[in-house]
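Student: I have just opened this one and would like to go through it slowly. Could you walk me through it?

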Amino acid sequence: MKRAQGDNELDDFGRFSDPALLILISLAESPKHGYAMTEDIAAIADVRFGPGTLYGAIARLESRGLIEATGSEDRRNPYRLTGLGEKALRLRLTTMETVARAARQRLSASGA
């Protein structure tokens, strides 16, 4: 996984770049094949997954029933979010929002 653009002093802190989460977010918009997901994720999260990272995460998500292949007549294999995948994404985003809210409250209380 590489940063899509320049570096800054916060890069060592890490990015919110969990491959599975970003794939689910990408597919929440519409079905996509691997290259389209890579481009979408680079646009929204400023990270670019290598093929091993991308297809490893796709395989795990598919085996858990969170995404499914839609079938294609050409070489591309588009995937879509399943109902279970949408539910899992909504739950994860709710949890992230709760954690972010707590972090903002603690930062404002500490004066940081």
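**Helix α3 and its neighbours**

Tutor: Let us begin with α3, which has 13 residues and reaches 18 Å from its first C-alpha to its last, close to the 18 Å expected at 1.5 Å a residue, where the expected span is 1.5 Å times one less than the number of residues. Helices here are DSSP runs (H or I, at least four residues) and strands are runs of E (at least two), numbered from the N terminus. This is a predicted model, in which local features need pLDDT of at least 70 and side-chain atom pairs count only at pLDDT 80 or more, while totals for chains, interfaces and linings use all residues. Residues are numbered from 1 along each chain as its sequence is written, and side-chain values use heavy atoms, with hydrogens and water left out.

Student: Which residues of α3 are buried?

Tutor: They are Leu-54, Ala-57, Ile-58 and Leu-61, where buried means under 20% relative accessible area, exposed over 50% and partly exposed in between, with a 1.4 Å probe and protein chains only.

Student: And where do they sit around the axis?

Tutor: They cover an arc of only 105°, which puts them on the same side of α3; the arc is that of the directions from the helix axis to the C-beta atoms. On the other side of α3, Pro-51, Gly-52 and Ser-63 are exposed.

Student: What do the buried ones pack against?

Tutor: The buried residues of α3 pack against α1 (19-29), α2, β3 (67-69) and β4 (79-81), with contact meaning heavy atoms within 4.5 Å.

Student: Ok, how do α1 and α3 pack?

Tutor: Their axes are 9 Å apart and the angle is about 75°, so α1 and α3 are roughly perpendicular to each other. The contact is made by Pro-19, Ala-20, Ile-23 and Leu-24 of α1 and by Thr-53, Leu-54, Ala-57, Ile-58 and Leu-61 of α3.

Student: What about α2 and α3, at what angle do they cross?

Tutor: The axes of α2 (residues 34-45) and α3 (residues 51-63) cross at roughly 110° and come within 11 Å, and α2 and α3 are therefore also roughly perpendicular to each other. Gly-34, Tyr-35, Met-37 and Thr-38 in α2 meet Leu-54, Tyr-55 and Ile-58 in α3.

Student: What do "axes" and "roughly perpendicular" mean here?

Tutor: Axes are lines fitted to C-alpha atoms, for helices over the stretch in contact, and angles run from 0 to 180 degrees between N-to-C directions. Angles under 35 degrees count as roughly parallel, over 145 as roughly antiparallel, 65 to 115 as roughly perpendicular and the rest as oblique.

Student: Last one, what comes just after α3?

Tutor: There, Gly-65 takes a positive phi of about 80°.
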